[in-house]
Amino acid sequence: MNNTKILAAVLVAIVVIGAAWVVWLRSEGTDGDKATVTDLAGRNVAVELPVDKVVLADMESINAFAAVVGPDFLDHIIGGLSNWEASYPDMYEAYIEVYPGVAKIPSVGDLYTGSFSTEAVINLQPDVLILPLWCTQLGDSAPNVDILKEAGIPTVFVDFYTDPYGNNQGKSVDLLGKLFGKEERAAGINAFYETEVNKVFGPLGSIEEDGPTVYVECPSNGADEHGITTKHMGIAMPVDYAGGENIANGLTLGQTGASVTLSYLIDKGPEIILFSMTTYYPDLVGKDMFGFGSLPTDDQLSDMAGQYLERNGWSELTAVKENRVYFYYNNLAFGIENFAALQLMASLFYPEEFGSLDPLGSLEEFYELYMPIEFEGTWFYSIADMSR
């Protein structure tokens, strides 16, 4: 990837972000007894403010929701949070420990499997349904917002996935703040976020040399087989924005990514390998040592990493030879926390320029300021720390 083009795009985004938010907020008005807000799909939606009861359809927005609304966030959620316990058990347990009521939230079906039920939403009678923007691409299986509107239930879209590090993150936080009368808190979150991402974007603009070649993998099959890699989406987005050259760029990988062969890896010789660790895939349940509440010993982490390094042919890879293989918690790349993934990758790609950054320290500060759960767990591991 051409580093100059990435930097140009980043700098343009930084320049326009403030103006975009101002224009977006000024576009809101009133409609009778309701306020008109603009959601992330560009729709003008009439909602009675402040909102009280909501269905939060997708659990991947929960951290942003909790951060903006505050410690009483659960009082406002009357349904949704599909597939949370199964897909992200570590985060689910962290919330359950503080908010046992999470386990009692009624389901309205799953956006991922096409089982989302507009009827279930209507039966709950929320003041508003909050959906992720990506679900507008589901075609016939996307939630029917027109039926909900006819039933008197407004729907708004937020986005913490498709446009990371751009306008959508801040606009989504602002929208949540507007809905719940938490504008000041939302502004503080956005200011914190901008400060953290600009610790990378500012200096990155003056770096002339190309970044390292990078292979990023979500090990969906465990250590024995190559997992999923992606480009320009998901776990790959922080790589692009931090100045790395993703070796998957140029490949046809499909919408959700794909595996690459050993011969491709050897041919490309990535200088850095990143494993994005998650409990989302069944093969990793019980094996993943990263995430909330996970506190493995150094020996356990070393043994885990060793299984990946023992893959057939991997001893020939440049990143393995130079001890530049890293493991990090998958969710650092998503949602309100993605500034930590950006800083982490920048510090690995350009250690001289960004080695003084403290990504996990910044994230812990964010949790102390805005999050209702503790930031306790394992988030990062380098094979340079392995017991030999």
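Phe 201 is buried in this predicted model, with a relative accessible area of 3%. This residue belongs to helix H8. Phe 201 and Gly 243 are separated by 42 residues in sequence, and their C-alpha atoms lie 9.6 Å apart in space.

- The side chains of Glu 196 and Lys 199 form a salt bridge, with an N to O distance of 3.2 Å.

- Three salt bridges are found in a search of the whole structure.
- One of them pairs Glu 217 with Arg 311, whose closest N and O atoms are 2.8 Å apart.
- This pair connects distant parts of the chain, 94 residues apart: Glu 217 lies in strand S8, and Arg 311 lies in the loop between helix H11 (298-309) and helix H12 (318-321).
- Glu 217 is buried at a relative accessible area of 0%, and Arg 311 is also buried, at 7%.
- Another salt bridge joins Arg 43 to Asp 39, with 2.4 Å between the closest N and O atoms.
- Asp 39 is buried at 1% relative accessibility, while Arg 43 is partly exposed at 27%.

**The five-stranded sheet**

- An open sheet is formed by five strands in the order S9-S8-S10-S12-S14, with mixed pairing.
- Strand S9 (245-246) and strand S14 (380-382) are the edge strands; each has a single partner strand, so one side of each lacks a neighbour in the sheet.
- In general, the strands of a sheet pair through backbone hydrogen bonds, in either a parallel or an antiparallel arrangement.
- Strand S8 (residues 213-217) and strand S10 (residues 272-277) run parallel and are joined by four bridges.
- Within this pair of strands, Val 216 is positioned opposite Leu 274 of S10.
- Strand S8 also contributes Glu 217 to the salt bridge with Arg 311.
- Helix H13 (residues 338-349) lies across S8, S10, strand S12 (325-329) and S14.
- The angle at which helix H13 runs to S10 is about 160°.

**Strands S6 and S7**

- Strands S6 and S7 run parallel, and four bridges join them.
- Val 156 of S7 is the bridge partner of Ile 130.
- From S6 the chain crosses through helix H6 (residues 145-150) to S7, making a right-handed β-α-β crossover.
- Side chains in a regular strand alternate between the two faces of the sheet.
- Strand S7 is covered on both faces: Thr 155 and Phe 157 are buried on one side, and Val 156 and Val 158 are buried on the other.

- Most residues other than glycine have a negative phi, and most peptide bonds are trans.
- A cis peptide bond joins Leu 49 to Pro 50, with omega at about -5°.
- Pro 50 is located in the loop between strand S3 (44-47) and strand S4 (54-58).
- Gln 125 is a residue other than glycine with a positive phi, near 55°.
- The loop between helix H5 (118-124) and strand S6 (128-132) contains Gln 125, which is partly exposed at a relative accessible area of 48%.
- Tyr 165, likewise not a glycine, has a positive phi of about 65°.
- Tyr 165 occupies the loop between strand S7 (155-158) and helix H7 (167-180), and is buried at 5% relative accessibility.

Conventions
Residues are numbered from 1 along each chain as its sequence is written. This is a predicted model: local features need pLDDT of at least 70, side-chain atom pairs count only at pLDDT 80 or more; totals for chains, interfaces and linings use all residues. Side-chain values use heavy atoms; hydrogens and water are left out. Two strands pair if DSSP finds at least two bridges between them. Helices (H or I, at least four residues) and strands (E, at least two) are DSSP runs, numbered from the N terminus. Contact means heavy atoms within 4.5 Å. Axes are lines fitted to C-alpha atoms, for helices over the stretch in contact, and angles run from 0 to 180 degrees between N-to-C directions. A salt bridge is a side-chain nitrogen of Lys or Arg within 4 Å of a carboxyl oxygen of Asp or Glu. Buried means under 20% relative accessible area, exposed over 50%, partly exposed in between (1.4 Å probe, protein chains only). A crossover is right-handed if, with the strands pointing away from the viewer, the path from the first strand over the helix to the second runs clockwise.
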